Amino acid sequence: HCIDSRPTVIIPGIILKKIKKATLIIEWSDLYSDGGTINERSSFFYRITFGKVESFFEKRFRNFGDGSVVITRFLKKKLIELGYPKDKILIHKMGGRINRQKLMDKNQARKKLGIHEKDIIIGHLGRIYKRDLELLANSYKLVKPFFPRLKIFMIGAINNEDKIDFEGIEYFGFVDEIKYSYYCNAIDFF
């Protein structure tokens with residue numbers, strides 16, 4: 001199983017496939033090249049140097065897999081466009097650990113967290129890139145006049161330099177499993 005197709009991952013995977021006759025499953029969890037996360041994670045110098053090599057590897061070696069796992073329909077479509085057989089692609093959607101997350105009434109969860117029952121909450125769980133946060137913030141500002149009780153809850157890791165401070169957005173960072181469960185039940189939209 002190769003978590004991605006970067007050189008340090010895919011080359012050993014292909015070698016094991018050839019020498020040991022191992023089954024090679026390649027995962028694709030985010031789009032790195034073509035305006036993907038390379039623009040968020042890397043410096044300009046990296047993007048125009050080694051980033052080009054990683055972008056090449058991201059696409060070129062996908063077809064070496066005996067099977068592929070993607071996390072979105074978008075990545076499945078990209079993989080099919082690269083000539084990969086669609087019957088060998090599994091979509092594995094990300095999500096919470098439902099055996100530990102308890103369903104409860106929204107107002108009960110809100111009461112536990114001190115959230116007013118009439119608030120409209122947009123939630124984001126996990127990491128977010130600054131560009132995506134800016135898009136969320138600008139969208140929020142457009143609809144806020146129509147929904148005065150609208151708020152955004154950011155739960156999970158975010159770099160301090162990426163935070164955008166404006167009224168209506170709250171950053172909670174990492175929370176324990178109990179609070180995580182409350183937030184999942186209290187939030188209106190993700």
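Residues are numbered from 1 along each chain as its sequence is written, and side-chain values use heavy atoms, with hydrogens and water left out. Because the model is predicted, local features need pLDDT of at least 70 and side-chain atom pairs count only at pLDDT 80 or more, while totals for chains, interfaces and linings use all residues.

The structure holds 7 aromatic pairs. Rings of Phe, Tyr and Trp (its six-membered ring) pair if their centres lie within 6.5 Å; planes under 30 degrees apart count as stacked, over 60 as edge-to-face and the rest as tilted. Phe-56 and Phe-57 form an edge-to-face pair. Their centres are 5.9 Å apart, with 85° between the planes. Phe-57 is buried, at 13% relative accessibility. Phe-56 is partly exposed, at 47%. Here buried means under 20% relative accessible area, exposed over 50%, and partly exposed in between (1.4 Å probe, protein chains only). Ring pairs also link Phe-56 and Phe-57 with Phe-61 and Phe-64 in a cluster.

A charge sits over a ring if NZ of Lys or CZ of Arg is within 6 Å of the ring centre and within 35 degrees of the ring normal. Arg-60 lies over the face of Phe-61, at 5.5 Å from the ring centre. The charged end of Lys-163 sits over the ring of Tyr-171, 5.1 Å from its centre.

Ser-55 belongs to helix 4 (residues 50-60). Helices (H or I, at least four residues) and strands (E, at least two) are DSSP runs, numbered from the N terminus. Ser-55 is buried, with a relative accessible area of 18%. Arg-6 is 49 residues from Ser-55 in sequence, yet the C-alpha to C-alpha distance is 8.2 Å.

A disulfide is a covalent bond between the sulfur atoms of two cysteines. The search criterion was a pair of cysteine sulfur atoms within 2.5 Å. Across the whole structure, 0 disulfides were found. Cys-2 is buried, at 4% relative accessible area. Cys-184 is partly exposed, at 25%.

Strand 4 (residues 120-125) and strand 5 (residues 150-155) run parallel and are joined by 6 bridges. Two strands pair if DSSP finds at least two bridges between them. Ile-120 has Leu-150 in strand 5 as its bridge partner. Together with helix 7 (residues 130-143), strands 4 and 5 make a right-handed β-α-β unit. A crossover is right-handed if, with the strands pointing away from the viewer, the path from the first strand over the helix to the second runs clockwise.
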